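Please read the numbered points below with the structure open beside you. Each point takes up one topic.

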Amino acid sequence: MKVLVPVKRVIDYNVKARVKSDQTGVDLANVKMSMNPFCEIAVEEAVRLKEKGVATEVVAVSIGPPQASETLRTALAMGADRAILVQTDQDLDPLAVAKVLKAIIAEESPELVMMGKQAIDGDNNAVGQMLSALLDWPQATFASELTVEGGKAKVTREVDGGLQTIEVNLPAVVTADLRLNEPRYASLPNIMKAKKKELAVKELSSLGVDTASRLKVVKVTEPPKRTAGIKVETADDLVTSLKTAGVL
Amino acid sequence: MAVLVIADHDNTTLKDNTHKVVTAALAMSGDVDVLVASASSATLGAAAAKIAGVRKILTADSAELGQGLAEAVGDLIVGLMGGYDAVLIPATSQGKNFAPRVAAKLDVAQISEVIEVVSADTFVRPIYAGNALETVQSADTKKVLTVRPTAFAAAAEGGSAPVEGVPPPPAPAKTHFVDQKIVKSARPDLGAAKIVVSGGRAMGSAEEFQKVIEPLADKLGAAVGASRAAVDAGYAPNDYQVGQTGKVVAPELYIAIGISGAIQHLAGMKDSKIIVAINKDGDAPIFQVADFGLVSDYKTAVPDLMNALTAAGI
Ligand SMILES: Cc1cc2nc3c(=O)[nH]c(=O)nc-3n(C[C@H](O)[C@H](O)[C@H](O)COP(=O)(O)OP(=O)(O)OC[C@H]3O[C@@H](n4cnc5c(N)ncnc54)[C@H](O)[C@@H]3O)c2cc1C
Ligand SMILES: Nc1ncnc2c1ncn2[C@@H]1O[C@H](COP(=O)(O)O)[C@@H](O)[C@H]1O
C-alpha cells in the first residue's frame with residue numbers, strides 16, 4: 001500500500017505571529033518556519049504503517065516555495081521514502097491545494113492519503129475534506145486511532161462530546177488529530193540519509209490546475225489586545241473582585 | 001439572497017449554536033432557512049421553528065445523518081444549494097467535518113471560523129491561532145462559511161416557521177459507522193456555559209483533576225475545560241480541550257488553574273469576559289491576559305476559593 005502524506009511549511013508553533021503594519025498580512029520575514037505539527041503527526045503515522053508492514057511506500061508532498069523542500073527533507077528524515085515539491089510562490093486557498101493534490105494523486109495512485117487536520121497558519125481545517133469530496137473517496141477526519149486491514153481503514157475520531165469510530169473503504173483520506181501519536185525526532189544518521197533520498201520538483205504551472213483565489217484579502221489586522229489585570233492576594237479577595245465585576 | 005443555516009444538535013436537543021449562527025445569517029439576509037439533519041427530526045425541527053426571524057425549517061432524517069457521516073450530510077446540503085446563495089455551518093467538530101465537502105462540490109472557497117459578518121460577501125476570521133484577524137471578500141456566487149458561534153449572540157425565541165421534510169440522501173457506500181462513545185454530562189456545554197473552570201498539566205493525574213476541578217465547577221454551575229497537556233496526559237477527556245485546535249469558549253468567567261497560557265490555549269479562551277488565573281508561577285504567560293491573577297499553589301488556592309465561595313453564599 002502506498003501512502004501519500006501532504007505536508008505544509010508554516011510558522012513554527014512556538015512563534016507568535018505579528019501582523020504587518022500595512023495590514024497586508026502576517027510578517028514572515030526572518031521567522032522560524034517548521035513543518036505544520038499536524039503534518040508531523042501524519043508523517044509519523046504513515047511511517048509507523050510502513051514499519052508495521054502495512055504500507056510499502058510513504059511519499060511526502062508539499063506545495064509551496066523552494067524552502068518547502070526543507071520541510072520535505074524533515075519528512076524524509078522521519079522515514080518517508082521520497083518526496084515531491086510542487087513549487088509556487090503563490091499562497092493557495094485550501095480548494096486550490098486540494099485540486100493540486102488531486103492532480104498528484106492521479107499520477108501516484110496512493111491507497112491512503114494521510115494528512116493533518118489543520119494547518120496552524122490559516123487554521124482552515126479544510127483541505128482533507130475537500131480532497132475527499134473531489135476524489136469521491138471516503139474521509140475520516142480528526143483521527144486519534146487508525147488501523148488498516150483488508151482494504152479498509154478503521155478510524156477513531158475526536159468529535160463533539162467524545163469519540164466516534166467509523167470504517168472506510170480504501171482508497172481514503174484520513175486527517176490526523178493531536179492524539180494520534182507522538183512524532184519522533186529525526187536522528188542524525190536519518191537526517192544524513194534523507195539528503196540522499198529522491199526529492200522531485202514540479203512547477204505548479206506544469207499541472208494545469210486552476211488555482212486562482214476566490215477570496216480577496218481586504219486587510220489583516222491585530223485582534224483587540226487584552227491587558228493584564230490585577231493580582232489578588234487571597235481567595236477571599238478574588239471572590240470579592242468577581243462579585244464586583246458582576247460575574248458571580 | 002437566501003441563506004441556509006445548518007442546525008447543531010445531538011439528535012435529542014437543539015443546541016444554542018444554531019441560534020447564534022442564525023444571528024450571523026440574519027446579518028447577511030432576511031431570508032434564512034434552517035436545515036435539521038438528524039436521525040429523527042420531529043422535536044428538533046419544532047424547536048428550530050421557534051427561532052425568531054427564520055423563514056422555514058427543513059428536516060431530513062436517516063441513520064447516517066444522525067451519525068453525522070460527512071458524506072451523507074454533505075450530499076444533502078449540496079442537493080439543497082440550488083435554492084440558496086450561502087450556507088452557514090456551526091464551526092463545531094461536526095460542522096468542520098462536512099462543510100469543506102460542500103464547498104469543494106460546489107467548487108467554491110470555504111471561509112472558516114467567521115467571527116464577524118461585515119456584509120453579505122465580506123467576513124472576518126481569525127488566523128494564526130487568533131493572533132491576526134483576516135477580512136476576506138468572496139467573489140464566489142455561492143458562499144460556504146463555518147461560523148464560530150461564540151462570536152455571535154443567540155437569536156431570540158418566538159418564531160413559528162413552517163417545517164418541511166426533505167428526502168434524505170442515499171447512505172454513503174464507502175463509509176460505515178462502527179460505534180460512538182459520547183459522554184453525557186449533567187454540566188452545561190463547554191461552548192455555551194456562562195462559567196468555565198479549566199485545569200492544566202499541574203493537576204498531575206485524572207484523580208486530582210476530578211478532585212480539584214470538578215467540585216469547583218459544580219459549585220459554580222460551570223462547564224469543565226482543560227489544556228491540551230491535561231488531555232494528552234489522560235487527566236481529562238479529549239472534548240474538554242480548549243484552544244486553537246480544541247473548543248473555543250467565550251464565557252462570562254473563565255478560571256484557568258495550573259495552565260501556563262500557551263498561544264494555542266489562549267486562542268480558545270481569550271475572548272472570555274473575565275479571565276481568572278491560578279498559577280504558582282507569577283511569570284506564567286496566562287497572567288498577561290488574566291483580569292484577576294492569584295499567584296499560589298492550586299492545592300491551597302482552590303480549597304480556599306471553595307471556602308470563600310461558600311462564605312459568600314455560593
Ligand atoms: C499544533 C498544536 C496545537 C495545540 N493546541 C492546543 C489547544 O488547542 N489547547 C491547548 O491548551 N494547548 C494546545 N497546544 C499545546 C500548548 O502549546 C501547550 O503545550 C499546552 O497548552 C500546555 O498545557 P498546560 O498549560 O496545562 O501545561 P504547562 O505549560 O506545563 O503549564 C502548567 C502550569 O501549571 C503551573 N503549576 C504547576 N504546578 C502548580 C501548582 N501546584 N499550583 C499552581 N500552578 C501550578 C505551572 O507554573 C505552569 O504554568 C497545542 C500545541 C500544538 C503544537
Ligand atoms: N501547501 C500545502 N502543501 C501540502 N499540504 C498541504 C498544504 N496546505 C495544506 N496541506 C495539507 O492539508 C492539511 C490541512 O490544512 P488546512 O485545511 O489548510 O488547515 C495540512 O495539515 C496538510 O496536510
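1. A backbone N or O atom of B:Gln244 lies 3.3 Å from an oxygen atom of ligand 1, and a polar side-chain atom of B:Thr245 is 2.8 Å from a nitrogen atom of ligand 1. In the side chain of B:Ser260, an N or O atom comes to 2.6 Å from an oxygen atom of ligand 1. On its own, ligand 1 has 990 Å² of accessible area, of which the protein covers 85% (areas come from the Shrake-Rupley method with a 1.4 Å probe, and for residues only the protein chains shown count as cover).

2. This is a predicted model, in which local features need pLDDT of at least 70, side-chain atom pairs count only at pLDDT 80 or more, and totals for chains, interfaces and linings use all residues. Residues are numbered from 1 along each chain as its sequence is written, chains are lettered from A and ligands numbered from 1 in the order in which they are written, and side-chain values use heavy atoms, with hydrogens and water left out.

3. Which chains surround ligand 1? Residues from chains A and B do, so the site is shared between chains. The shell holds 27 residues, and the closest are B:Arg201, B:Ser227, B:Val242, B:Ser260 and B:Asn279 (a residue is near a molecule if one of its heavy atoms lies within 4 Å of it). At least two residues of this shell are supplied by each of helix H1 (37–51) of chain A, helix H7 (228–232) of chain B and helix H8 (263–266) of chain B (helices, H or I with at least four residues, and strands, E with at least two, are DSSP runs numbered from the N terminus).

4. By class, the shell around ligand 1 has nine nonpolar, 13 polar and five charged residues. Here Ala, Val, Leu, Ile, Met, Phe, Trp, Tyr, Cys and Pro count as nonpolar, Asp, Glu, Lys and Arg as charged, and the others, Gly among them, as polar.

5. How many cavities of 30 Å³ or more does a search of the whole structure find? The search finds three, where a cavity is a set of points, on a 1 Å grid over the protein atoms alone, at which a 1.4 Å probe fits but cannot get out, and lining residues have an atom within 4 Å of a point. The largest has a volume of about 90 Å³, and its lining, which includes A:Asp12, A:Tyr13, B:Tyr128 and B:Gln244, is made up of eight nonpolar, three polar and one charged residues.

6. The second largest cavity holds about 60 Å³ of space, and its lining divides into four nonpolar, six polar and two charged residues. The largest share of that lining, three residues, comes from S7(A). Among the lining residues are A:Gln139 and B:Asn97, whose side chains are joined by a polar contact of 2.8 Å (a pair of N or O atoms within 3.5 Å; within protein, one must be able to donate a hydrogen and the other to accept it, and residues adjacent in sequence count only if both atoms are side-chain atoms).

7. Is A:Gln139 buried or exposed? A:Gln139, which lies in strand S7 of chain A, has a relative accessible area of 3% and is therefore buried (buried means under 20% relative accessible area, exposed over 50%, and partly exposed in between, with a 1.4 Å probe and protein chains only). A:Pro223, in the loop between strand S12 (215–221) and strand S13 (230–232) of chain A, also counts as buried because its relative accessibility is 14%.

How values were computed: On a 1 Å grid over the protein atoms alone, a cavity is a set of points where a 1.4 Å probe fits but cannot get out, and a pocket is an open set with protein on both sides within 12 Å along at least five of seven lines; lining residues have an atom within 4 Å of a point. Grid points are joined across faces, edges and corners, and a volume is the space filled by probe spheres set on the points.
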